[in-house]
Amino acid sequence: MGDKVSTDQRHFIMSRVRSINTKPEIKLRKALFEKGFRYRVNVKTLPGKPDIVLPKYHTAIFVNGCFWHGHAGCKYYTVPETNNEFWVEKVARNKERDAVNNQRLESLSWSVVTVWECELKSKAFADTVARVEAELASNKEKWEAYQVKRKSDREFARAEARRKRRIREEVERELREQFHLTSKVNRMSHEEPEI
């Protein structure tokens, strides 16, 4: 079955598709705001410019359109019959870019939540918001545990540096006493030799 609209009409329709502030994004943002979550929108400094960013939970949320991001097994993702190769390649590139952005965010210690457009339809909306809430609570615990570990690692590193400094000072003091080295000679021993 061919397309029901002409090529020019299809081009016009597709050119009007938004990439930010889409209805599904706004619907999820409103629900999260009502639940007490505060967030930032489309943060350009993070990989992939996430749709919703919750810094307190160190979580980035992407609201993906089922068609544009190739939601497997979803009735809203069908490959158009006209210009088939183009759309298959386009969706494949989008999926690849999504995977790379998710990896980059996770390497920066950000948790990533993906919400599909079909999950924000009326029937599934409440369950989706509950799932996102649960993931945010889990991500907050992970982030807080990470911060505690990071703090203890920094304290351990500082303590080790102090311990090594004390040992070095003690060895230097013993060498000065044993070999009657002056402080000038001692300082010279730390300098790099000239070539």
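This is a predicted model: local features need pLDDT of at least 70, side-chain atom pairs count only at pLDDT 80 or more; totals for chains, interfaces and linings use all residues.
**View 1. Arg-40 sits opposite Val-53 of strand E2.** Two bridges link E1 to strand E2, which covers residues 52–54, and the pair runs antiparallel.

**View 2. Stepping back, the sheet is an open one built from four strands.** Read across, the order goes E1-E2-E3-E4, with mixed pairing. As a reminder, strands in a sheet pair through backbone hydrogen bonds, and they can do so parallel or antiparallel.

**View 3. Two helices, H2 and H4, lie across strands of the sheet.** Helix H2, residues 23–34, lies over E1, E2, strand E3 (59–64) and E4, and its angle to E3 is about 140°. Helix H4 spans residues 122–179 and lies across E2, E3 and E4, running at about 175° to E4.

**View 4. Here's the largest nonpolar core, with 16 residues.** Leu-28, Leu-32 and Ile-61 are the ones touching the most other members.

**View 5. Now for a close look at Leu-28 and its contacts.** Which residues does Leu-28 touch, once neighbours within four places in sequence are set aside? The contacts are Ile-52, Ile-61, Val-63, Val-115, Leu-120 and Val-129.

**View 6. Another core, of eight residues, lies apart from the largest one.** Its members include Val-43, Leu-46, Phe-62 and Val-112.

Technical notes
Residues are numbered from 1 along each chain as its sequence is written. Side-chain values use heavy atoms; hydrogens and water are left out. Two strands pair if DSSP finds at least two bridges between them. Contact means heavy atoms within 4.5 Å. Axes are lines fitted to C-alpha atoms, for helices over the stretch in contact, and angles run from 0 to 180 degrees between N-to-C directions. A nonpolar core is a set of buried Ala, Val, Leu, Ile, Met, Phe, Trp, Tyr and Cys residues joined through side-chain atoms within 4.5 Å. Buried means under 20% relative accessible area, exposed over 50%, partly exposed in between (1.4 Å probe, protein chains only).
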